[in-house]
Amino acid sequence: MTATPAPKEASKATRQRPGSDPTEDAQPIMRRVKTKLTSKWATAAAIVIAVVWSVPTFGLFVTSFRPAAKQVGPRSNGWWNAFVDWDFTFKNYTDVLTPAGSQSANLSQYFVNSIAIVIPVTIFVLVLASMAAYVFAWGKFKGRDALFIFVFALQIIPLQMALIPLLQFFTQTLHLPAGSYAQLWIAHTMFGLPLGIFLLHNFISEIPGEVIEAARVDGAGHSTIFWRIILPLSVPALASLAIFQFLWVWNDLLVALVFSGGTADVAPITQRLAEISGTRGARDYLNPAAAFVSIIIPLLVFFGLQRYFVRGLLSGGLKG
Amino acid sequence: MEFIGGKLLQVVIALAIFAAVIGIIMLVVDRAPKSVKDRVTVAGFLAPAAILMLVGLVYPAIRTSTLAFTDASGNGNGFDNFVWMFTQPEALTTLRNTVIWTVLVPLLSTSFGLAYAVFIDKARGEKVLKSLVFMPMAISFVGAGIIWKLVYDYRGPGIEQTGVLNFFRDALGMDPKQFLLDAPENTFFLIIVMVWIQTGFAMVILSAAIKGVPVELVEAARLDGANAWQQFRNVTIPGIRGALVVVLTTITIATLKVFDIVRTMTAGNYDTSVVANEMYTQAFRAGEPGRGAALALVLFLMVLPIVVYNARVLRKQREIH
């Protein structure tokens with residue numbers, strides 16, 4: 001995105017340089033000074049926003065390493081005091097992660113649950129959504145466009161509307177066992193499909209038709225075209241959808257509350273976090289460490305794959 | 001660590017079953033007789049997603065719509081749930097809050113995101129500055145709730161404050177404030193959390209759109225003597241109109257469904273509830289699925305105009321193709 005305007009500007013500059021006389025040059029300099037000055041204020045404003053946006057998370061990070069007595073109780077004080085009164089500990093993290101003890105947050109089990117939920121869901125959504133998106137983009141059947149717009153509209157059904165009937169369907173019709181991942185996998189996949197199909201469709205429909213025609217002439221069937229041509233060419237869009245889906249499912253609370261049953265066997269880390277932060281008590285000092293454990297994976301995924309995330313978002317309908 | 005084994009096994013089995021289903025579909029598509037091959041392909045590729053969406057979204061949406069007209073024991077009660085919603089003071093507060101959320105969050109996130117995108121455009125360290133504001137996108141609403149408790153924390157007057165905001169109030173000689181308990185402004189303090197999360201999304205999309213505005217246009221405006229504000233107003237804004245619409249609608253929809261922030265920070269108490277949270281409370285805590293469904297239906301009706309608008313834009317785009 002950034003690369004396109006830059007060369008244009010450069011070529012313009014080189015074009016102007018030869019024949020230009022000094023008087024013409026003076027004006028752009030003035031203008032440049034002027035824009036520099038205004039941009040100084042803009043930069044200052046930007047830095048203020050950046051600081052305001054980062055301080056809350058930074059505060060959590062610092063708090064999570066502060067000893068219990070400094071966090072709760074009469075001798076506690078604000079996290080910023082940690083820098084004056086240098087006192088940090090790893091104990092909060094070891095407490096939060098060890099499975100022993102009934103009072104313990106026991107996050108490690110829930111952490112594993114989150115991973116066990118999010119990986120299959122991401123794969124299911126990617127495969128099923130790309131198959132549907134391929135048919136919507138390159139298949140020929142009656143009512144294709146109307147159906148696609150219908151799928152797009154499904155994106156907007158509030159999950160709240162789906163929960164009660166779906167729960168009844170899972171337990172009464174399908175008899176899915178409570179306390180297994182199955183309900184969460186299926187529910188998350190269902191809810192992820194409309195957006196997935198929409199994002200991938202926009203990317204897949206822009207693959208040049210000649211590529212697909214050429215493969216057909218060579219005798220390739222739809223499944224070959226799909227696995228050998230469409231999927232490899234769609235990697236940027238697939239990557240962004242994968243990150244999207246990953247963050248969404250990892251961070252979900254609503255679906256988890258309804259379908260997990262809330263046990264340490266199935267419930268994800270967000271649910272446990274909501275539980276322990278909802279009850280005010282003597283072990284409140286563990287909340288920041290627990291929160292940080294829960295956001296570390298999404299932050300890693302996010303910072304590691306940020307570039308694909310943004311690129312994929314933009315390849316979709318979002319370019320407007 | 002023995003608990004990991006059983007969980008891993010479940011995951012492996014699920015993936016194996018899934019792979020088998022997809023494998024069978026591909027086999028059927030490839031082996032289909034030539035005369036019906038195209039139709040079988042469409043059906044096979046579409047069927048899994050279609051079935052899941054029908055069962056998971058379409059059928060529940062219809063069920064919920066009918067459920068909205070029943071009482072706690074499942075008997076039809078006409079419009080009673082809706083009468084309850086539009087007459088009970090608590091339910092009315094919930095509706096009012098939802099309207100405030102859906103007006104303020106998209107407006108504020110988009111303005112901040114746009115301002116920030118313009119300010120940091122071509123600035124030094126643009127990538128780092130972008131990451132800082134985009135980061136909250138990766139944090140769960142539950143995590144955000146805990147993070148913001150540190151900002152809003154309250155202790156009685158005369159004691160050293162532990163919340164960032166009350167620390168500043170203290171320093172300025174003001175009394176500490178119970179940010180999350182004092183209605184009605186506590187709703188605004190919850191809204192700030194959502195704005196904090198959504199601004200990064202708006203910023204990233206708008207920043208990319210700004211970079212897509214042709215340099216020649218900006219240059220021409222500048223040569224015509226337009227100042228920075230005029231350039232922004234007359235060239236940049238029209239150039240990114242499409243992206244602005246997308247950002248506004250996406251954030252509006254996300255805001256209408258917002259649930260976790262309210263749930264974790266106030267649980268909807270102190271007059272802060274919103275429709276999405278109230279729906280959960282009624283249906284799963286208070287044993288009133290009819291009321292919950294009615295709230296969900298109202299939520300859907302609130303989103304409907306946005307769907308219609310977007311579907312229209314989409315149809316136009318497809319006609320051009």
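Colleague: In chain A, what share of the contacts between residues at least 6 apart in sequence join residues at least 24 apart?

Modeller: Bear in mind that this is a predicted model, where local features need pLDDT of at least 70, side-chain atom pairs count only at pLDDT 80 or more, and totals for chains, interfaces and linings use all residues. Residues are numbered from 1 along each chain as its sequence is written, chains are lettered from A and ligands numbered from 1 in the order in which they are written, and side-chain values use heavy atoms, leaving out hydrogens and water. A contact is a pair with heavy atoms within 4.5 Å. For chain A, the share joining residues at least 24 apart is 72%.

Colleague: How many helices does chain A have?

Modeller: Helices here are DSSP runs of H or I with at least four residues, and strands are runs of E with at least two, numbered from the N terminus. Chain A has zero strands, and its helix count is 14.

Colleague: What area is buried between chain A and chain B?

Modeller: The size of an interface is often given as the accessible area lost when the parts come together. Here that loss is worked out with a 1.4 Å probe and summed over both parts. The contact takes 112 residues from chain A and 104 residues from chain B. Carbon and sulfur atoms give 78% of the buried area, which comes to about 9900 Å².

Colleague: Which residue of chain A forms a salt bridge with B:Asp38?

Modeller: A salt bridge needs a side-chain nitrogen of Lys or Arg within 4 Å of a carboxyl oxygen of Asp or Glu. The count between chain A and chain B is one. Its closest N and O atoms are 3.6 Å apart, and the partner of B:Asp38 is A:Arg216.

Colleague: Is B:Gln282 buried or exposed?

Modeller: B:Gln282 sits in helix α13 (residues 275-285) of chain B. Beyond its neighbours within four places in sequence, its contacts include B:Trp84, B:Pro289 and B:Leu295. Buried means under 20% relative accessible area and exposed over 50%, with partly exposed in between (1.4 Å probe, protein chains only). Because the relative accessible area of B:Gln282 is 8%, this residue is buried.

Colleague: And which residues does B:Thr249 touch, not counting those up to four places away in sequence?

Modeller: B:Thr249 belongs to helix α11 (residues 241-256) of chain B. With a relative accessible area of 13%, B:Thr249 is buried. The residues it touches are B:Ile306 and B:Asn310.

Technical notes: Buried area is the accessible area (1.4 Å probe) that two parts lose on being put together, summed over both.
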